[in-house]
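Let's take a walk through this structure together. We will look at its open space and at its aromatic rings.

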Amino acid sequence: FLYSRRFLRPCGKMYPSQGRLFVQPFVDPVLHMEMASRSAFWGQTSFYGIDLSVIKDTAMRESFGSPVIEEVESSCLAGQPLYHVFDFTELQPMDLAQIVLPFNFSSLCGAIHGLVFWFDVLFDGSESKVWLSTAPGIGWTHWHQVRCVLPKTPVLTYGDSLIGNVTLVANRQQSYELLINIEQPYQYASSHLVDMKDPYYRYLVAPHK
């Protein structure tokens, strides 16, 4: 898409011309329990005499390492979303090799089970501007939303902030590896790796009505 700019005439238009990547915390204990239960089989210490528990931690990382694709209810969102702007008229391909999204979500309270991501894009026409959004709560879209569930659930008291960053690194599978770094609160400091090429299409399991 970015390479196609060389074919534009002077003052030519790109569609879309701008994009925004949003991130916001969410609360969903049912989803967190579901992700944990996907690796429960490997917690058995005597499966026909075989101790499977030696690989339980690996199975747990693999389960939580899958991004969850589905429609997200706006009622489960916490705090206010942050976003990163991509100007496709100026962006270079190498700018997408690594993307860092710092975050500071303030005034949160209670358990935070992960981060949800979505995007919107701008079609900047000669006479009007149109935004195509994939945000939670706007209705069913082809792209849904992406949720990354944290294995270690931060529990915040009123006034606490969730501080850290998300780093997306492009890989050879034409996708990204996503690393969530939680820096504060200090007692929940951790790093969590998500393989965007290995999604869990939850909407196929519990389809939208």
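How much space lies in the largest pocket? Keep in mind that this is a predicted model. In it, the largest pocket holds about 1000 Å³ of space. A handy picture for this kind of search is a probe the size of a water molecule, rolled over the atoms to show where empty space is left.

To find your way to the pocket, look for L21, F119, L168, Y176 and M196, which lie nearest its centre among the 31 residues of the lining. Several strands take part in that lining: β1, β5, β7 (145-149), β8 (155-170) and β9 (176-184) each supply at least two residues. Strand β5 gives the most, with five residues.

Now let's turn to the aromatic rings. Across the whole structure, a search finds eleven aromatic pairs. A pair of aromatic rings is described by the distance of the centres and the angle of the planes. Start with F1 and F88: their ring centres are 5.4 Å apart and their planes stand at 85°, so this pair is edge-to-face. The two partners come from distant parts of the chain, 87 residues apart, with F1 in the segment before β1 (18-26) and F88 in the loop between β3 (82-87) and β4 (98-111). Their surroundings can be described as well. F1 has a relative accessibility of 49%, so F1 counts as partly exposed, whereas F88, at 14%, counts as buried.

Next, find F22 and W118. This aromatic pair is stacked, with 5.3 Å from centre to centre and 5° between the planes. Because F22 lies in strand β1 and W118 in strand β5 (residues 114-124), the pair ties together parts that are 96 residues apart in sequence.

Finally, which residues place a charge over a ring? R20 lies over the face of W131, at 4.2 Å from the ring centre.

Technical notes. Residues numbered from 1 in each chain as written. Predicted model: local features only at pLDDT ≥ 70, side-chain atom pairs only at ≥ 80, totals over all residues. Heavy atoms only, no water. Phe/Tyr/Trp six-rings, centres within 6.5 Å; stacked < 30°, edge-to-face > 60°. Helix = DSSP H or I, 4+ residues; strand = E, 2+ residues; numbered from the N terminus. Buried < 20%, exposed > 50% of the residue type's maximum accessible area, 1.4 Å probe, protein only. Lys NZ or Arg CZ within 6 Å of the ring centre and 35° of its normal. 1 Å grid on protein atoms, 1.4 Å probe; cavity = no way out; pocket = protein on both sides within 12 Å on 5 of 7 lines; lining within 4 Å. Points joined across faces, edges and corners; volume = space filled by probe spheres on them.
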